[in-house]
Amino acid sequence: DPTREFADIHDRTGQLVNLAFGGMGLTQVVDAPWMPLADISDTDDAYVVQVDLPGVSRDQLNVELNDRELVINGELVDEEQGRRRRRSRRTGRFEFRTTLPSDINPDGISANLADGVLTVTVPKSEAAKPRLIDVKS
């Protein structure tokens with residue numbers, strides 16, 4: 001769908017603008033979610049995605065796999081408590097997207113939220129796992 005591709009480019013451009021200028025009061029210019037920091041690891045058995053989401057609870061979070069695209073989004077609501085003198089932590093809508101290789105097993109995905117880090121483990125298909133080959137002489 002070409003329209004979806006343009007919408008996706010618009011959203012990702014907004015994320016880049018927010019990432020670059022988010023702390024400078026320019027986040028109101030682009031109505032796009034901010035992108036949390038993340039690490040993606042490739043192990044022998046799985047792809048492991050770790051996303052920093054401090055202050056986010058399970059009910060503020062959505063994790064989806066659409067074909068090979070992993071989408072993590074939600075909203076961190078700002079709880080006003082007194083007057084703020086400084087603000088550097090992000091609130092509002094957030095979204096992280098990544099496209100995974102085709103060698104995944106979508107039925108075995110697991111997600112765990114602990115200590116402000118969401119860990120999503122996407123197992124590899126059996127065909128993609130390395131095999132030990134016995135060498136005979």
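**Salt bridges**

I looked for salt bridges first, and the structure holds three. The model I am reading is a predicted one. Side chains of opposite charge can pair when their charged atoms come close.

I started with D42 and K124. They form a salt bridge, with their closest N and O atoms 2.6 Å apart. Where do D42 and K124 lie in the chain? D42 sits in strand β1, and K124 sits in the segment after β7. The two are 82 residues apart, so I note this pair as a link between distant parts of the chain. D42 has a relative accessible area of 54%, so I list D42 as exposed. K124 has a relative accessible area of 9%, so I list K124 as buried.

Next I turned to R97. R97 forms a salt bridge with E69, and here the closest N and O atoms are 3.0 Å apart. This pair, too, links distant parts of the chain. R97 is in strand β5, E69 is in strand β4, and 28 residues separate them. R97 is buried, at a relative accessible area of 18%.

R97 has another partner. Its side chain meets that of E95 in a salt bridge of 3.1 Å, N to O. Both R97 and E95 are buried. Which residues are linked in a network of salt bridges? I wrote down E69, E95 and R97.

**Aromatic rings**

I searched the whole structure for aromatic pairs and found one. W34 and F94 make this pair, with ring centres 5.5 Å apart. Their planes stand at 50 degrees, so I call the pair tilted. The pair links distant parts of the chain. W34 belongs to the loop between α1 (2–21) and β1, while F94 belongs to strand β5. The two are 60 residues apart. W34 is buried, with a relative accessible area of 12%. F94 is buried as well, at 1% relative accessibility.

**The nonpolar core**

In soluble globular proteins, nonpolar side chains tend to be buried together. I looked up the largest nonpolar core here, and it has 17 residues. Which residues have the most contacts inside it? They are V51, L53, L61, I72, L118 and V120. Strands β2 (46–52), β4 (69–76), β5 (92–99) and β7 each supply at least two residues of this core.

I followed L53 from that list. Leaving out residues up to four places away in sequence, L53 touches P36, L61, I72, F94, G116 and L118. L61, I72 and L118 are on the list of residues with the most core contacts.

**The sheet**

Strands of a sheet pair through backbone hydrogen bonds, either parallel or antiparallel. I traced an open sheet of four strands, in the order β1-β2-β7-β6, and the pairing is antiparallel. Which strands are at the edges? They are β1 (38–42) and β6 (110–114), each pairing on one side only. From one strand to the next, the twist averages 15 degrees.

I then looked at β6 beside β7 (residues 117–123). They pair in the antiparallel sense over five bridges. A111 stands opposite V120 in β7. S110 has T121 as its bridge partner in β7. β6 and β7 form a hairpin with two residues between them. D115 lies in the turn and has a positive phi of about 55 degrees.

**V117**

My last stop was V117, which is found in strand β7. Its relative accessibility is 24%, so I count V117 as partly exposed. What does V117 touch, not counting residues up to four places away in sequence? I noted Q50, V51, D52 and N112. V51 is one of the residues with the most contacts inside the largest core. I also checked V117 against G55. They are 62 residues apart in sequence and 9.5 Å apart in space, C-alpha to C-alpha.

Methods
Residues are numbered from 1 along each chain as its sequence is written. This is a predicted model: local features need pLDDT of at least 70, side-chain atom pairs count only at pLDDT 80 or more; totals for chains, interfaces and linings use all residues. Side-chain values use heavy atoms; hydrogens and water are left out. Two strands pair if DSSP finds at least two bridges between them. Axes are lines fitted to C-alpha atoms, for helices over the stretch in contact, and angles run from 0 to 180 degrees between N-to-C directions. A nonpolar core is a set of buried Ala, Val, Leu, Ile, Met, Phe, Trp, Tyr and Cys residues joined through side-chain atoms within 4.5 Å. Buried means under 20% relative accessible area, exposed over 50%, partly exposed in between (1.4 Å probe, protein chains only). Contact means heavy atoms within 4.5 Å. A salt bridge is a side-chain nitrogen of Lys or Arg within 4 Å of a carboxyl oxygen of Asp or Glu. Rings of Phe, Tyr and Trp (its six-membered ring) pair if their centres lie within 6.5 Å; planes under 30 degrees apart count as stacked, over 60 as edge-to-face and the rest as tilted.
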